[in-house]
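Here is a structure to look at. Let us ask how its descriptions are reached.

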Amino acid sequence: MKTQRSADFVAGSLFALLGLTVVLASRGIPEGAGGYLHPRTFPFLLGLALALSGVLVSIRARFMRTRSEGRIDWPDGAGWKNWLLALVLMGGYVALCGPLGFLISTFAFVLIFIKLFGSYPLRVGVICALGTSLFVYGMFVKLLDLTLPLGPLALLWE
Amino acid sequence: MVELSSLLQGFERAITPTNLLFALLGSIAGTVVGVLPGLGPTAAIAMLLPLTTLLDPAPALIMMAAIYYGAMYGGSTTSILVNIPGEASSVPTALEGYQLTLQGRAGPALGISAISSFVAGTMGVIGLTFFAPMLSRVALAFGPPEYFALTVVGITLVMSLSGKSLLKGIVSAVLGLLTAIVGMDPLTGVTRLTFGSMELVGGIEFVPVIMGLFAISEILVNVEKEAKCILQAKKIEWLPTWQDIKESTGAILRSGIVGFLAGLIPGCSPAVTSFLVYDLERRFSKHPERFGKGAIDAVAAVEGCNNATAQGGFVPLFSFGIPSGPALAVLLGGFMMYGLQPGPRLMQEQPHLVWTIIASMYVGNFMLLILNLPLVGLWARMALVPFPILGPMIVVFTLIGAYSLRHSFFDLWVTLIFGIVGYFMRKLGFPVAPMVLAAVLARLMETSLVQSLTLSQGSPLIFLTRPISLAFVILAALSVVSGMWVREKAKAGKVELEESEA
């Protein structure tokens with residue numbers, strides 16, 4: 001998938017496959033109460049449209065003739081490592097927001113992110129992480145009265 | 001000139017210290033909440049509604065209205081600075097405004113946004129003051145066939161939002177429509193494409209989708225490049241130049257008129273009108289090639305339109321008690337809390353109150369300008385914060401914004417998944433704007449189609465027999481034909497250029 005041509009071919013095929021899946025899945029949608037449009041009609045047509053346009057993207061890529069094919073700006077090895085690291089970090093943050101609460105997980109997430117992707121002394125990371133957590137608490141929890149899970153801290157403040 | 005004398009009396013009451021104070025507080029609160037991703041005007045009014053219960057009706061309603069248009073303004077800040085459109089109406093602002101930030105022009109973009117919001121917002125209030133009774137009938141002229149035809153016009157905007165490849169734009173739009181129809185069918189209650197998942201029964205909210213496509217994918221792009229700072233330019237501009245203002249004047253005036261007129265139609269939210277105006281400006285612009293690369297007139301048009309639509313929405317609210325969107329529905333709740341029922345009788349029974357609120361809107365819009373212009377330089381400095389520090393904060397506020405909508409952790413995963421989708425769409429050259437627009441329009445499109453077919457007992461001719469709907473169908477056809485013509489012309493021009501260069 002280094003060139004635009006090969007990337008379009010793969011992407012088009014994937015979209016066509018997704019469209020077909022939607023078409024098949026829409027066949028199982030039961031009829032609702034009355035109406036002139038079956039609840040499956042819209043998803044069925046959209047699945048079909050996606051499958052067809054995906055096929056067209058692939059066909060166009062297969063037979064595309066341009067002077068310069070154009071390369072996709074994929075990251076290098078280190079770039080992919082950072083990409084994956086950031087994604088795992090964000091996934092971890094989301095996963096821990098429930099059990100640990102937003103404040104503790106925000107503190108940990110910001111601190112780790114700064115340490116991993118920046119070259120700052122630990123105290124800078126701690127100050128930023130603490131500042132962000134306190135802002136979240138002050139703005140969202142106290143001022144706007146949003147019900148954010150606070151994890152163990154909720155017990156502490158009760 | 002009954003309106004003028006009523007308005008002057010309204011001003012007398014609106015500029016009392018108490019009412020001025022609450023207009024100011026509402027403007028500040030609205031702007032602050034609007035800046036936070038995910039928290040749009042609806043959430044802002046709903047959250048702050050209990051605070052107003054201690055007040056008399058006039059200051060309370062002045063404050064709620066100020067929160068509403070303050071939040072409309074605030075939404076542009078994060079879109080321009082860090083590519084987080086907190087709601088669908090800010091997506092075109094993010095498309096152009098963030099490019100300006102990368103070029104070191106965040107200040108001019110924010111400044112133009114403030115000026116445009118003020119001018120177009122004030123045009124909206126003028127429309128509300130003098131033309132409300134005349135135009136209020138528009139709200140009643142819209143039935144399901146007109147709404148369906150309007151969504152068809154909206155979908156034709158894919159032509160202008162598709163960038164280089166129309167086919168890829170169509171794929172993106174279909175993906176958006178599919179995303180929006182997952183979950184319970186709005187009319188029959190049947191679940192669709194949930195694949196047995198309980199979380200998907202509630203559907204996929206489009207705000208987490210938008211924030212994933214823009215903010216999270218932006219983080220992933222910066223992380224892979226080991227970016228030190230999101231700013232790419234060496235030269236930084238802090239305020240708009242006269243040239244910027246001159247270039248944007250036409251866009252501001254047009255967006256004020258279009259936004260106000262569109263605001264009269266219930267259900268035609270700023271999310272729809274901002275895309276409409278974006279497309280319109282692209283067609284009117286002397287430099288359409290700048291669109292997508294940081295067109296300041298586009299920022300002016302979209303932000304002006306948002307505010308004018310917000311003001312236009314007060315016409316059906318005051319005239320018939322019909323809220324144009326969710327935010328005004330909450331505001332309607334605020335009226336009812338005080339035993340007031342917006343509609344024809346409110347104008348007869350409480351004219352002083354209505355005119356005080358309308359007068360306070362002029363004052364509130366001016367306050368927003370005075371509040372926000374001096375802050376432009378301060379906000380613009382945010383782009384100078386090193387990415388390793390700014391990046392995690394963007395993630396935190398994006399995810400909390402996504403969570404705040406339904407208090408659902410599922411929405412956080414949706415944000416991340418669409419962040420990955422957005423990343424690959426960017427890399428592979430699939431435009432994300434058509435996906436957002438389609439996701440916004442999908443429900444209205446399907447619901448109005450089903451209702452129209454029920455009205456006509458299954459005959460699709462209903463769309464061609466009603467004048468407004470027919471006009472929209474013709475407009476959609478013209479939009480497609482002219483879009484294809486412009487595209488072909490641009491392609492031919494490019495080939496000529498390439499040949500002359502060779």
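Q: With which residues is A:Ser53 in contact, leaving aside its neighbours within four places in sequence?
A: A:Ser53 is in contact with B:Leu167 and B:Val171. Contact means heavy atoms within 4.5 Å. This is a predicted model: local features need pLDDT of at least 70, side-chain atom pairs count only at pLDDT 80 or more, and totals for chains, interfaces and linings use all residues. Residues are numbered from 1 along each chain as its sequence is written, chains are lettered from A and ligands numbered from 1 in the order in which they are written, and side-chain values use heavy atoms, with hydrogens and water left out.

Q: Why is A:Ser53 called buried?
A: Its relative accessibility is 5%. Buried means under 20% relative accessible area (1.4 Å probe, protein chains only), with exposed over 50% and partly exposed in between. So A:Ser53 counts as buried.

Q: What does the side chain of A:Ser53 reach at 3.4 Å?
A: That side chain reaches the backbone oxygen of A:Leu50.

Q: Which residues are closest to the centre of the second largest pocket?
A: The pocket has a volume of about 1,100 Å³. Of its 44 lining residues, the closest to the centre are B:Thr42, B:Phe206, B:Ser269, B:Ala271 and B:Pro326. Lining residues have an atom within 4 Å of a point on a 1 Å grid; a pocket is an open set of points where a 1.4 Å probe fits, with protein on both sides within 12 Å along at least five of seven lines.

Q: How many residues of each class are in that lining?
A: The lining has 25 nonpolar, 15 polar and four charged residues.

How values were computed
Points joined across faces, edges and corners; volume = space filled by probe spheres on them. Nonpolar A, V, L, I, M, F, W, Y, C, P; charged D, E, K, R; others polar. Polar contact = N/O pair within 3.5 Å; in protein donor to acceptor, adjacent residues only side chain to side chain.
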